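Hi there,

Here is the structure I promised to pass on. Have a look at it first, and then read on for what turned up.

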Amino acid sequence: MSDIADRVKKIVVEHLGVEEDKVTENASFIDDLGADSLDTVELVMAFEEEFGIEIPDDAAETIQTFGDAVKFISQAS
Amino acid sequence: MFDLTGKCALVTGASGGIGGAIAKALHDAGATVGLSGTRVEPLEALAAELGERAHVLPCNLSDAEAVDALPKLAIAAMGGLDILVNNAGITRDQIFMRMSDDEWQSVLDVNLTSAMRLCRGVMRPMMKARWGRIINISSIVGATGNPGQVNYAAAKAGMVGMTKSIAYEVASRGITANAVAPGFIATAMTEKLTDDQKEKINAQIPAARMGTPEEIAAAVLYLASPEAGYVTGTTLHVNGGMAML
C-alpha cells in the first residue's frame, strides 16, 4: 500500500475510532465507518493538514470512501 | 470568578456602549480581545485603555469580503480565536408600509448575514480546538416585535434561529452557541431620549430602570466561560423583567 494510503488510513482510524481492517478501498465514511456529516468535514480538514493541500468544498463532497480520499490526495499532492 | 486566561475573543461593534463593555469584561477575565467596528478612533481609544492583549480590527460589516476575511485577521493578530461575540448592529427604523428594500436589506446584511459569515468563519478553528464559544447579541425585540422595527426584529429573531441550529450541529465538538437578548440598555443612543420618554420606558420595566452595558457584558462573560460548557442553544434575556420569556 502506498505511503499516502497509509497516512490516510491512520487519520481515518484515529478520527472515527474504527478497526484498521474495516478501512477498505470502497468503505464509505458515512455508510460503513459510522461517520456523521460533521466527521467528514473534519476528516477533510485533517487530510488538508496532513498533506499540506487545500480541498475545495465541491471536491470534498466527492470524497465519500477511503478510496476516493486516497485517489484525490494522490492527484493533489 | 470566570477565568478566560489564554482565550482569544473577537467582539464586533466594540466601538459601541454594549460592545465596549463586553470587550472590557472579557479582557478583565484574562482574554485577549480583538476589537472590531467601523469607527477606528473609539476602537483605538478602547484598546489604549485596555492596554496589553487588545487588538484593533476595523471591519465594515456590510462588506461581505471584509467580513469573510475578519476571522483570519483576528487569528493572525491574536494567535487564535476561541470566543466570537456578534454584537454589532444597526437600526433603520421605518413604519412597515413605507419600509424600502434598502432599509430592509441593509439591516439584514449587517445584523444577520455578517453574523452568519463570522460564525461560519470561526467554525474551523473552533472545531480543531474542540472548544469554542459563539455568543450572538439578539434583542428583546426579536422575541416581542416592535412597531417601526420590522427589519431589526426580523434580523434579531433570525439570529436566535441561527444560533440554535449552529448549537445543534457543533455541540458534540465542545462548541456552544447562545444568544443574549438585551432589553432597554442605557447607551449613547438612549441618552438622547427626553426624561419624559425615559419615564414612559421605565414604567414598562418591572425593574423600573434601564439596564447597563455592564449587565449585558456579565451575561456574555458567563456564556463565554468554561463554566457554561453545558449551556447551548439558549437565549439569555437580560431585560429587567420587561418580557419574561
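This is a predicted model: local features need pLDDT of at least 70, side-chain atom pairs count only at pLDDT 80 or more; totals for chains, interfaces and linings use all residues.

**Helix 1 of chain A**

Why can they meet within one helix? A:Arg7 and A:Asp3 are four residues apart in helix 1 of chain A, so about one helical turn separates them. A:Arg7 is partly exposed too, at a relative accessible area of 29%. As a general point, side chains of opposite charge can pair when their charged atoms come close.

**The surface and the annotated serine of chain A**

A patch of negative charge sits on the surface, where A:Asp6, A:Glu19, A:Glu20 and A:Asp21 gather. If you want to find one of its members, look for A:Glu19 in the loop between helix 1 (3-16) and helix 2 (37-51) of chain A. A:Glu19 is exposed, with a relative accessible area of 54%.

UniProt places the feature "modified residue: O-(pantetheine 4'-phosphoryl)serine" at A:Ser37, and the entry is unreviewed. In the model, A:Ser37 is exposed, with a relative accessible area of 55%.

Over all chains, the structure holds 15 salt bridges. In chain B, B:Asp68 takes part in two that I can point you to. The side chains of B:Arg117 and B:Asp68 meet in a salt bridge, at 2.9 Å from N to O. B:Arg117 lies in helix 4 (residues 101-129) of chain B and B:Asp68 in helix 3 (residues 64-78) of chain B, so this pair ties together parts that are 49 residues apart in sequence. B:Asp68 itself is partly exposed, with a relative accessible area of 36%.

The other partner of B:Asp68 is B:Arg120, with 3.9 Å from N to O. B:Arg120 is in helix 4 of chain B and B:Asp68 in helix 3 of chain B, so here the pair ties together parts that are 52 residues apart in sequence.

Which residues are joined into one network by salt bridges that share partners? They are A:Asp36, A:Asp39, A:Glu42, B:Arg130 and B:Arg173.

In general, most residues other than glycine have a negative phi. B:Arg130 is found in the loop between helix 4 and strand 5 (132-137) of chain B. At 38% relative accessibility, B:Arg130 counts as partly exposed.

B:Arg53 also has a positive phi, of about 65 degrees, and is not a glycine either. Look for B:Arg53 in the loop between helix 2 (40-50) and strand 3 (54-58) of chain B. B:Arg53 is partly exposed, with a relative accessible area of 34%.

**The annotated domain and a nonpolar patch**

For chain B, UniProt places the feature "domain: Ketoreductase" at residues 7-188, again from an unreviewed entry. Over residues 7-188 the chain is 52% helix and 18% strand, and the end C-alpha atoms are 30 Å apart.

Which residues of chain B form a nonpolar patch on the surface? B:Phe96, B:Trp104 and B:Val150 do, with about 270 Å² of accessible area together. B:Trp104 lies in helix 4 of chain B, whereas B:Val150 lies in helix 6 (residues 150-170) of chain B. B:Trp104 counts as partly exposed at 31% relative accessibility, and B:Val150 is partly exposed with a relative accessible area of 30%. B:Trp104 and B:Tyr152 are 48 residues apart in sequence, but 8.1 Å apart in space, taken from C-alpha to C-alpha.

Methods
Residues are numbered from 1 along each chain as its sequence is written. Chains are lettered from A and ligands numbered from 1 in the order in which they are written. Side-chain values use heavy atoms; hydrogens and water are left out. Patches are made of residues with over 30% relative accessible area and no salt bridge: like charges are joined within 9 Å, nonpolar side chains (Val, Leu, Ile, Met, Phe, Trp, Tyr) within 5 Å. Accessible areas come from the Shrake-Rupley method with a 1.4 Å probe; for residues, only the protein chains shown count as cover. A salt bridge is a side-chain nitrogen of Lys or Arg within 4 Å of a carboxyl oxygen of Asp or Glu. Lys and Arg count as positive and Asp and Glu as negative; His and the chain ends are not counted. The place of a charge is taken as NZ of Lys, CZ of Arg, CG of Asp or CD of Glu. Helices (H or I, at least four residues) and strands (E, at least two) are DSSP runs, numbered from the N terminus. Buried means under 20% relative accessible area, exposed over 50%, partly exposed in between (1.4 Å probe, protein chains only). UniProt positions are given in the numbering used here, feature names are shortened, and annotations may be inferred rather than shown by experiment.
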